[in-house]
Amino acid sequence: MLFWNKKKTPEPLKEEIREPQEFNTFGLNDILHYIKREIGVDLFSKNSIIETKLRLFCEKRKIFSFRKLYEGVQHNSELRQALIDLVTVNETYFYREEEQLALAVDFALKISGTIKILCAPCASGEEVYSLAMMLQEKNRDTYSFSITGIDINSEAIEKAEKGIFSERSLHKLDQRVKDKFFTCTDKSFVARKEFFSSISFKKINIFDYDFLSLGKYDIIFSRNMLIYFDDEFRMKTIERFSKLLNPGGNLFLGHADIIPENIFFTKCNNNRLSYYIKN
Ligand SMILES: C[S@@+](CC[C@H](N)C(=O)[O-])C[C@H]1O[C@@H](n2cnc3c(N)ncnc32)[C@H](O)[C@@H]1O
């Protein structure tokens, strides 16, 4: 005789009811201090915009307080990099402030031997590509120069390495230059490798130890980064630049990048354009 175990039909699982977690904003100042200490970017004046941005960033990652975010970035390097990518502004385009690029190219053409240029920061690389293009437009071969672009933003550096740009980014280039240096595919412009064998990119923080081991340069471009720093960090930065420049090397800053009085550089003017010579 067979006995059937009469199985109990399982009760339907009660759905776990979760209260939406309340976000605790305590610790925002610690994050802002952390960002400033690590990369120099001073976000204190943009407190309310940055608070909203950071809160969304946290909630997306199920982090429910700024305090927890602060603790997280101390040991989680991916979280740290994502935070840096979030707070850095990577706006750039080809031939930005073209007259200043042309002035630097004029200086570069007077250098004997390989011309060494550093773009710190380069964001997604347009400044580096522009300088390489302008030097070649002046009949310099790719082996006569070397241009390094660095930036703290990992997404920007990835984009620079790929060399694929949007139409918007190339809006200042005329058709001849676009046709010469790029292949156009479905609204994207792909940099033609044969013209850019002498450029390279690296994700690096200018305040890291590694920055000072990048080598020596004849020209440094640092446009539109110092505006995000306070005077103390601007001073630290230009001291670092002076260490990387060869004697008599030139530093080019953006129009809005004002630097404090210092012993490292002498300011010079060329028509409406200014630049700095290493003392
Ligand atoms: C507005 S972009 C400037 C790009 C380009 N020089 C130009 O003027 O078109 C500013 C860049 O500075 C970078 N940056 C900010 N702090 C940095 C740091 N400590 N080290 C390296 N790059 C940094 C940001 O990631 C951002 O891409």
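How do the residues of the shell around the ligand divide into nonpolar, polar and charged? Eleven are nonpolar, eight are polar and five are charged. Keep in mind as you explore that this is a predicted model. Here is a short tour, starting at the ligand and moving out to the domains and cores.

**Around the ligand**
- In total, 24 residues surround the ligand, and the closest are Thr88, Thr92, Pro121, Ala123 and Arg223.
- The ligand lies between domain 1 (28-87) and domain 2 (98-278), because both of them give residues to its shell.

- Where the domains touch, seven residues of domain 1 are in contact with eleven residues of domain 2.
- On the domain 1 side, helix H4 (residues 77-87) gives the most, with three residues.
- By class, that side of domain 1 has three nonpolar, two polar and two charged residues.

- In soluble globular proteins, nonpolar side chains tend to be buried together.
- The largest nonpolar core here has 54 residues, and Ile117, Val128, Ile220 and Leu251 touch the most other members.
- Helix H6 (residues 126-137) supplies the largest share of this core, six residues.
- Apart from this core lies another of 14 residues, including Cys58, Ile63, Tyr70 and Val87.
- Leaving aside neighbours within four places in sequence, Leu251 is in contact with Ile220, Ser222, Phe241, Leu245, Phe265, Tyr275 and Tyr276.

Notes
Residues numbered from 1 in each chain as written. Predicted model: local features only at pLDDT ≥ 70, side-chain atom pairs only at ≥ 80, totals over all residues. Core = buried A, V, L, I, M, F, W, Y, C linked by C-beta atoms within 7 Å. Buried ≥ 20, exposed ≤ 12 C-beta atoms within 10 Å, placed from the backbone. Helix = DSSP H or I, 4+ residues; strand = E, 2+ residues; numbered from the N terminus. Contact = placed C-beta atoms within 7 Å. Near = placed C-beta within 6 Å. Nonpolar A, V, L, I, M, F, W, Y, C, P; charged D, E, K, R; others polar. Domains from an automatic or database assignment.
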